[in-house]
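I opened a new notebook page for this structure. My notes follow in the order I looked things up.

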Amino acid sequence: MSKNYMTYEVKKWLRDPLLRFLLFYPLLLSTIARFAIPYAEEQFNFSLAGFYHIVMAGLMLMTALITGAIIGFSILDDRDDKILYAIDVSPVSFNFFVGFRFLMSYVLTLVTSIISLLIMRGLVEVPLYAMILVPLSIAFFSSIAAMAINCLASNKIEGFAMLKAVGMIIVLPIGSLFFTDAKEFFFSFEPNFWSVKAFSVSVLGEGVLNLGFWSYYVVGLVYLILMNILIFKVFKKRIMV
């Protein structure tokens, strides 16, 4: 039964043209940015080199938000169709049902983020460890986004409004990248703050920001995992009412 469910979910993603486009969208943006930025610099005779890492961090956050939104709306569909109530009498547990979707969004965010960094790598050199470790951390945000949308919305119409609100959250860690002094910690409550700061250190070098790569990275990874555990408890109560 579990195998049939996993096969059904994978086929559903592959059949839906909107889902396929949304999964391809971050890679399209990365490709456009890779070639548009050098072209603009040449045409207008200025350099954006100091902001390359901000663009790359933004692409990773957007990827996590998009895959999270896909999962979030998929669960909203199931809520509309009362499918979640049927799970109580099926061999598939609720935790497995939503957990597999969160796992799919995590893997897709991870793979897409790494490919995006590879596409952008011609602009700035990113250490190999950062190209793997930072997406491993940021990918945890996709399930947070999916659960947050479902905690705040009861249907797809409300979901689109909540998506805008959740989307605004990723602006905060991007804004924090413009600060290198203690003011950066005003943004530290945002789950992705620590991961994008770790990414910045890997690109700019140790000593530029207040902490080192591993300090930012470990705190960010633990924070994102704890946020997932906390929101899951609220999410489960909210959608099983």
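I began with Leu 152, which counts as partly exposed because its relative accessibility is 48%. For this I took buried as under 20% relative accessible area, exposed as over 50%, and partly exposed as in between, with a 1.4 Å probe and protein chains only. This is a predicted model, where local features need pLDDT of at least 70, side-chain atom pairs count only at pLDDT 80 or more, and totals for chains, interfaces and linings use all residues. Residues are numbered from 1 along each chain as its sequence is written, and side-chain values use heavy atoms, with hydrogens and water left out.

I placed Leu 152 in helix H7, residues 140-152. Helices here are DSSP runs of H or I with at least four residues, strands are runs of E with at least two, and both are numbered from the N terminus. I then listed contacts, meaning heavy atoms within 4.5 Å. Leaving out residues up to four places away in sequence, Leu 152 touches Glu 158 and Met 162. I also checked Phe 235, which is 83 residues from Leu 152 along the chain. Their C-alpha atoms are separated by 9.3 Å.

**The whole chain**

I stepped back to count elements. The chain has 11 helices and 0 strands. Its radius of gyration is 19 Å, close to the 18 Å that the globule rule gives for 241 residues, so the chain is as compact as a globular protein of that length. That radius is taken over C-alpha atoms, and the rule is 2.2 Å times the number of residues to the power 0.38. The C-alpha atoms fill a box of roughly 60 × 35 × 30 Å along the principal axes.

I looked up burial next: 46% of the 241 residues count as buried. Among contacts between residues at least 6 apart in sequence, 74% join residues at least 24 apart.

**Asn 228**

Is Asn 228 buried or exposed? I found Asn 228 buried, at 12% relative accessibility. Asn 228 sits in helix H11, residues 213-239. Its side chain makes a polar contact of 2.5 Å with the side chain of Ser 143. By polar contact I mean a pair of N or O atoms within 3.5 Å; within protein, one must be able to donate a hydrogen and the other to accept it, and residues adjacent in sequence count only if both atoms are side-chain atoms. A polar atom of the Asn 228 side chain also lies 3.1 Å from the backbone oxygen of Phe 140. Setting aside neighbours within four places in sequence, I noted contacts of Asn 228 with Phe 140, Ser 143, Ile 144 and Met 147.

**Arg 101**

I moved to helix H5, residues 94-120, which holds Arg 101. Arg 101 counts as buried, at 1% relative accessibility. Beyond residues up to four places away in sequence, its contacts include Glu 9 and Asp 78. Tyr 5, Lys 12 and Ile 71 are also among them.

**Two loop residues**

I found Asn 45 in the loop between helix H2 (17-44) and helix H3 (52-80). Asn 45 is exposed, at 70% relative accessibility. Its phi is positive, about 55°, although Asn 45 is not a glycine. Most residues other than glycine have a negative phi.

My last entry is Phe 179, in the loop between helix H9 (171-176) and helix H10 (193-204). Phe 179 is partly exposed, with a relative accessible area of 30%. Which residues does Phe 179 contact, leaving aside neighbours within four places in sequence? I listed Glu 184, Phe 187, Lys 197 and Leu 209. The C-alpha atoms of Phe 179 and Leu 209 are separated by 8.6 Å.
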